[in-house]
Amino acid sequence: MPLRVRLTLWYGSALALVLIVFSVVLYVITARNLRDDVDQSLEETAATAVRSLEERGFLPLLDEEDLLSQFPELARIDKFFQIFSPSGTITIRSPNIKRHEVPLSRKALETTFNGQTVFETAKYPNEPQLRLISVPINYQGRLLYIVQVGTSMESIEDTLRRFLILLIVAVPIALAVSLAAGWFLAGRALRPVDAITLAAQRIAAGDLSQRLTMQTASDEIGRLAGTFNNMIGRLDASFRQIRQFTSDASHELRTPLTVMKGETELVLRRPRPLEDYHSVLESNLEEIDRMTRIVDELLFLSRADMGEVKMELLPVSLKTLVEDIHRQATLLGQDRMIEVVLGTVMPALVQGDELRLRELLLNLVENAVKYSNPKGKVTISLVTDGQQAIISVTDQGIGIAPDDRPKIFDRFFRTDEARAHTKKGTGLGLAICSWIAEVHKGRINVQSELGRGSTFTVTLPLAPRPA
Ligand SMILES: Nc1ncnc2c1ncn2[C@@H]1O[C@H](COP(=O)(O)OP(=O)(O)O)[C@@H](O)[C@H]1O
Ligand SMILES: [Mg+2]
């Protein structure tokens, strides 16, 4: 069921319930008030009659005319009265009782006999109800008369009937008007949702450049649109990235294949001395190593993306690690007379996976050596500030241009300077480094000046001290 229909129905049901309860309560209270008014006026009239009789010293009344001339206040059109003897027989009654005998009921007789006033409602078929009050008049401890005043409930019944009709007509009209308004408002409120749906359909059809334009930015719908736009933006970016990545990966793998194919074809063109085959195979082996490395690193990254790389969380002594890496790096630098030195090295314990951390540092140090000039110097240091361990690897090599700095952590990105400097490299090392830093809740920063050298800094949180 559409949201608009559901909203309107909910709203309508709630409103209907409120209106019905309200009407019933209103009707009941009004009916009660009107009846109370009648009773009160009956009581007052009866009291007047009793007072008049007392003033006259309870002289026996002769007939109707006598009565009316004595008590003009009793001759009210809307009321009738009767005076009964203690035995319940009518001694006198006002002339406006026309239609019926209204005898004194048994209950009235008994109650008045006990000296109490009683209210009653008398019903006759096809006629308005009568409301009656019966009041005893005692004289010297003896029941003398019973005065009964009555009135027709016709006007009250009329009023209540009209009121009921009014309610029966007005409530559905109010409900209908409110439902129409609710329907309209729900439609208005939901219109932007339709706009979002349409836009989402266009986007789903493949146009990721589409964005939602909403004027109201701060309400729920605006926030939804904003979130939606953000999501599409990120999807767009990651699709682009995937496309870029695929093309980069194919390109990186094709280069060594082209080299191998070219060399192999060339050497096979005519018979050659054994050394030629040997050297081609050697060169091929180099390319195969390179491809193997690319594929290994890609595999690692894709497993990392899918969250499939297992990580140990154990205390790792960074000092030991840095010293190990220093030894390895010294060997790496030997060929090109690059000196690898240790700067300050403080003891530091972090929580993590030693193999991964080693990989991270080795990648950075390898880069530093690789992008150094012959006879350059690489410095590794490790300091702590109580919260974090900071490892820095500084070289005096080719450096990185400011524009390239944010991109070097992207997969396959290599600067032109780096490509010119050495053929070795896949452009995947730093991507792996930043992933490792991230899973250790750390980060990598780079400071660099083109042609002057670079400093890579890894910041890792220290392991919590045992309490
Ligand atoms: N120490 C460094 N000096 C200069 N450039 C660097 C250094 N380390 C990394 N880079 C740049 O960052 C790029 C990405 O590094 P990396 O992902 O390790 O790839 P690779 O080492 O395979 O080239 C490098 O190609 C290079 O352009
Ligand atoms: Mg590298």
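Predicted model: local features only at pLDDT ≥ 70, side-chain atom pairs only at ≥ 80, totals over all residues.

Q: Left-handed or right-handed crossing, for H8 passing H10?
A: H8 makes a left-handed crossing with H10.

Q: Which residues meet there, between H8 and H10?
A: On the H8 side you have Arg 356, Leu 357, Glu 359, Leu 360, Asn 363, Leu 364 and Asn 367, and they meet Gly 429, Ile 432, Cys 433, Ile 436 and Ala 437 of H10. Sorted by class, this contact has seven nonpolar, three polar and two charged residues.

Q: Switching topic: where is Lys 375, and what is its phi?
A: Lys 375 is in the loop between H8 and strand E9 (377-384). Its phi is near 65°, a positive value in a residue other than glycine.

Q: Why does Lys 375 count as exposed?
A: Because Lys 375 has 11 other C-beta atoms within 10 Å, and exposed means 12 or fewer.

Q: What about the phi of Phe 412?
A: Phe 412 is not a glycine, yet its phi is positive, about 75°. Phe 412 sits in the loop between strand E10 (388-394) and helix H9 (416-421), and it counts as partly exposed because it has 17 C-beta neighbours inside 10 Å.

Q: Last one: how is the protein chain divided into domains?
A: The chain is split into domain 1 (3-158), domain 2 (220-305) and domain 3 (314-461). The C-alpha centres of domain 1 and domain 3 are 106 Å apart.

Key: Residues numbered from 1 in each chain as written. Chains lettered and ligands numbered in written order. Left-handed = near helix turned anticlockwise from the far one by under 90°. Helix = DSSP H or I, 4+ residues; strand = E, 2+ residues; numbered from the N terminus. Contact = placed C-beta atoms within 7 Å. Nonpolar A, V, L, I, M, F, W, Y, C, P; charged D, E, K, R; others polar. Domains from an automatic or database assignment. Buried ≥ 20, exposed ≤ 12 C-beta atoms within 10 Å, placed from the backbone.
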